[in-house]
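Have the viewer open as you read.

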Protein chains: 2
Amino acid sequence: MPDISQRGQQMPPSPIRKLVPYAEAAKKKGVKVYHLNIGQPDIETPKPILDAVRHSEFKVLEYSHSAGNESYRRKLVTYYERFDIQVNHQQIIVTTGGSEAILFSFMACLDAGDEVIVPEPFYANYNGFAVEAGVSIRTITADIETGFALPAMQAFEQAITPRTKAILICNPNNPTGYLYSQEELEVLKQLCLKYNLYLFSDEAYREFCYTGTHFSAMNLEGMDNHVIIMDTISKRYSACGGRIGALVTKNQQVLDAVMKFAQARLSPPSFAQIAGEAAVDLPADYFDGIKAEYLARRDVLVEKLNNIPGVFCPNPGGAFYAMARLPIDDADKFCQWLLDSFSHEQQTVMMAPGTGFYATAGLGKQEVRMAYVLNKEDIAKAMICLEKALEIYPGRTVASAAHAKESSR
Amino acid sequence: MPDISQRGQQMPPSPIRKLVPYAEAAKKKGVKVYHLNIGQPDIETPKPILDAVRHSEFKVLEYSHSAGNESYRRKLVTYYERFDIQVNHQQIIVTTGGSEAILFSFMACLDAGDEVIVPEPFYANYNGFAVEAGVSIRTITADIETGFALPAMQAFEQAITPRTKAILICNPNNPTGYLYSQEELEVLKQLCLKYNLYLFSDEAYREFCYTGTHFSAMNLEGMDNHVIIMDTISKRYSACGGRIGALVTKNQQVLDAVMKFAQARLSPPSFAQIAGEAAVDLPADYFDGIKAEYLARRDVLVEKLNNIPGVFCPNPGGAFYAMARLPIDDADKFCQWLLDSFSHEQQTVMMAPGTGFYATAGLGKQEVRMAYVLNKEDIAKAMICLEKALEIYPGRTVASAAHAKESSR
């Protein structure tokens, strides 16, 4: 039997999905599981965009242009204008989800052995695309005490080697919810110009900012040849299954190279491009309601978390994630224990262990990521489960609980 | 400005799409262009499968399972049963087009520097996925005089090195239309068992067989751990824009590895999975009409081609492509000349130059690939254009025309 490849072995399994069998077993036992583990919004996909697909009238489900339908890319230009991002439709390549925008950026800009610097904790699937591209992810650690703000410039400089070719951020951040400020982006700009690096900016959660307005990397002056935006309609319109994203850059060489990767896979999905195009025409106030809902959820989640003895959760400025520190020995054990050994009034909670979001061994063992994609009532119930669980969890670390309490107040 | 990657530079542009600007210019001059250059069927997508999407009633466009909806995979089991291919739904991973099945196979089975043997001429986009995976494609040349039958076993054995890990075929073949026989597949089996190789079998055109029935690599006995099928709904149901394919194998290690790549990109497109699931329920006679239509087109195309002085086209056994030898100096020049310097009664024809389907330099210069995805009348008109063009093309090679005539009759 032929062996699978080294990279097939190195490829990390999804840290978010590996607990699924335990959740399924819990449900079979009649336990209700509150899913705070994945970023699948419960918000309904806006009806007009589903209707655009349902009322479409073509007769042949054809390949689209490899860069996406021109009509959709022209619409996207008007979408970006609303954020004062000035691009033309030839600077946009429609991708199969934000995932493919990440993969294409890695493939077109980095070679095997090249390094990309990512503040940790970070979106775990970056690891997978790095393995596919043979690229090394080097992390610098953001501190929960600062709410996971951008690490100091010196930390970046210490991590830079001759093989470093890019810095990758997610803004606002998954998993921390941190919203990077313009000042922080200016620091990244200095680094990119000084060391001749690309700045990959994953802006999947651009609309979800609660503590300030979003400053896009695309608006850093003098950085046109350095910045590549990775984007997606998944979170914005609760349209994760559409698999439509975009890669946006003003660097013509990158556009030319990415286009070749886009041609090899022929085209992005046609149905969801129709949805994406209709989405740009949603009423201007569409996001107001959505944002208000997420904000209310965040407030419930973060307040309840910080009221649990020994728990600390910084207040996220954007996205719909929060990263909390718990008084526990091992987040992986705890998250599994919640599913296979605990229930409170026949209910429990599923969260993503923090370890999956760090590359540095040992980090994240006391942290969990929660996606506030449930309604407020369910979030409140989930927090009761968490509080009750922490009271009896055998691996509770009283000492660190006290410490956390201390430092968080 | 940071450089793009080596692989971004090595990545080949699509040989099929590079003539597009010349076609657009011709159309602007009022010339009608018969598109025989791409495998985009003109056949209407079956209404029931588009209706399944249009009548879908979900409220949230969610991620599906990373391996595809279980309901769809279970349906696919019944689809494969019709071809006596016995698999269960856990041996099927739904991919984003057949393209992703190719990429995942390369990624999960091959490392950078590993070699895959492909008979040439071959589907040009294999090159792109090979560059992405850092894999080397080694070709052995099939002969137009034999209709592009499988090269002799010795030719494969001469090409095998310690780095060879797989053989890749497309059956029936794009670009040649050749339908491999069970006997030819048995030869590949011997090679794979003797040298411990994977057999990647791209069966995108399984339904389109005219000179015999399809024998799937999956039905080679004793090859369960070697065979990986790459599949797609694109051609089968004229649903190219859906971007739904499948990777099918009984090798559990490969399934486990591919699943990690599938998780990293989250899920295949949801809309088109609905279409794909409905497609399995199309009436049993759905393909009869389609096949009859393609067969009639093939007959018109091949007969008219062989009636043009100096042209030779073997009769394809499947798919909807034909590869013809023309009495010309350079297929790239000729195909461009057809668009920018020729018209007959304000009409011309667009074809894919043969060179793009060969890895060996110099081969394919007298060959073109034609996709018979136009109706018979348009094919006949396109052939008139081709005949008139060959009469006046400045790069016509009279000698080889005579030779071709000789050898083809």
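Which strands does helix H8 (residues 182–195) of chain A lie across? Helix H8(A) lies across S5 and S6 of chain A, and its direction runs at about 170° to S5(A). Angles here go from 0 to 180 degrees between N-to-C directions, with axes as lines fitted to C-alpha atoms, for helices over the stretch in contact. Helices (H or I, at least four residues) and strands (E, at least two) are DSSP runs, numbered from the N terminus.

A word on ground rules: this is a predicted model, where local features need pLDDT of at least 70 and side-chain atom pairs count only at pLDDT 80 or more, while totals for chains, interfaces and linings use all residues. Residues are numbered from 1 along each chain as its sequence is written, chains are lettered from A and ligands numbered from 1 in the order in which they are written, and side-chain values use heavy atoms, leaving out hydrogens and water.

Now the sheet in chain A. It is open, has seven strands in the order S2-S8-S7-S6-S5-S3-S4, and its pairing is mixed; two strands count as paired if DSSP finds at least two bridges between them. Strands S2 (92–95) and S4 (136–141) of chain A sit at the edges with a single partner strand each, so one side of each has no neighbour in the sheet. On average, neighbouring strands are turned by 25° against each other, direction ignored. Helix H5 (residues 97–109) of chain A packs on this sheet, touching S2, S5, S6, S7 and S8 of chain A (contact means heavy atoms within 4.5 Å). The direction of H5(A) makes about 155° with that of S7(A).

| Residue | Partner | Partner strand |
|---|---|---|
| Glu120(A) | Thr141(A) | S4(A) |
| Ile117(B) | Ile167(B) | S5(B) |

Finally, the interface. 82 residues of chain B are in contact with 82 residues of chain A. The buried area (accessible area lost on putting the two together, 1.4 Å probe, summed over both) is about 6,600 Å², with 55% from carbon and sulfur atoms.
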